[in-house]
Amino acid sequence: MKLFRLPQSATVPVTLSIKNAPEDVVARLKLRAERNHRSLQGELLAIVTAAANEPEPLRLDALEVLARVRAKRAPAPSEAAAIVREMRDERANRRR
């Protein structure tokens with residue numbers, strides 16, 4: 001007997017359930033579904049799909065954080081003074 005196998009690309013729907021949902025939350029979700037011209041099931045699927053498609057938050061270890069901080073270091077006081085002088089000179093030259 002040969003078993004039937006689904007192609008690798010085929011997806012099988014999965015049923016999810018949310019237990020003990022507060023009535024006020026369900027009521028708001030129903031209103032949201034109505035506003036979006038969807039069933040409650042369709043609205044929940046849209047919300048879950050959007051959440052699943054959000055990019056993963058960037059997770060950095062301590063060394064990566066330190067490297068990024070060092071790369072974005074603030075200018076030294078002498079560098080800051082030079083930047084301020086340059087900006088003042090540019091502003092003064094525009095007024096002339």
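Visitor: In which helix is the place of R85?

Guide: In this predicted model, R85 lies in helix α4, which covers residues 77-95.

Visitor: What is a salt bridge, and how many does a search of the whole structure find?

Guide: The term describes a side-chain nitrogen of Lys or Arg within 4 Å of a carboxyl oxygen of Asp or Glu. Three salt bridges are found in the search of the whole structure. One of them joins the side chains of D24 and R28, with 3.2 Å from N to O.

Visitor: Where do D24 and R28 lie, and how many residues apart are they?

Guide: Both belong to helix α1, where they stand four residues apart, about one turn of the helix.

Visitor: How much space lies in the largest pocket, and how many residues line it?

Guide: The largest pocket holds about 390 Å³ of space, and 14 residues form its lining. Nearest the centre of this pocket lie L16, S17, I18, Q41 and L44.

Visitor: Which helix supplies the largest share of that lining?

Guide: Helix α2 does, with five residues in the lining of the largest pocket. Helices α1 (23-35) and α2 (40-53) each give at least two residues to this lining.

Terms used
Residues are numbered from 1 along each chain as its sequence is written. This is a predicted model: local features need pLDDT of at least 70, side-chain atom pairs count only at pLDDT 80 or more; totals for chains, interfaces and linings use all residues. Side-chain values use heavy atoms; hydrogens and water are left out. On a 1 Å grid over the protein atoms alone, a cavity is a set of points where a 1.4 Å probe fits but cannot get out, and a pocket is an open set with protein on both sides within 12 Å along at least five of seven lines; lining residues have an atom within 4 Å of a point. Grid points are joined across faces, edges and corners, and a volume is the space filled by probe spheres set on the points.
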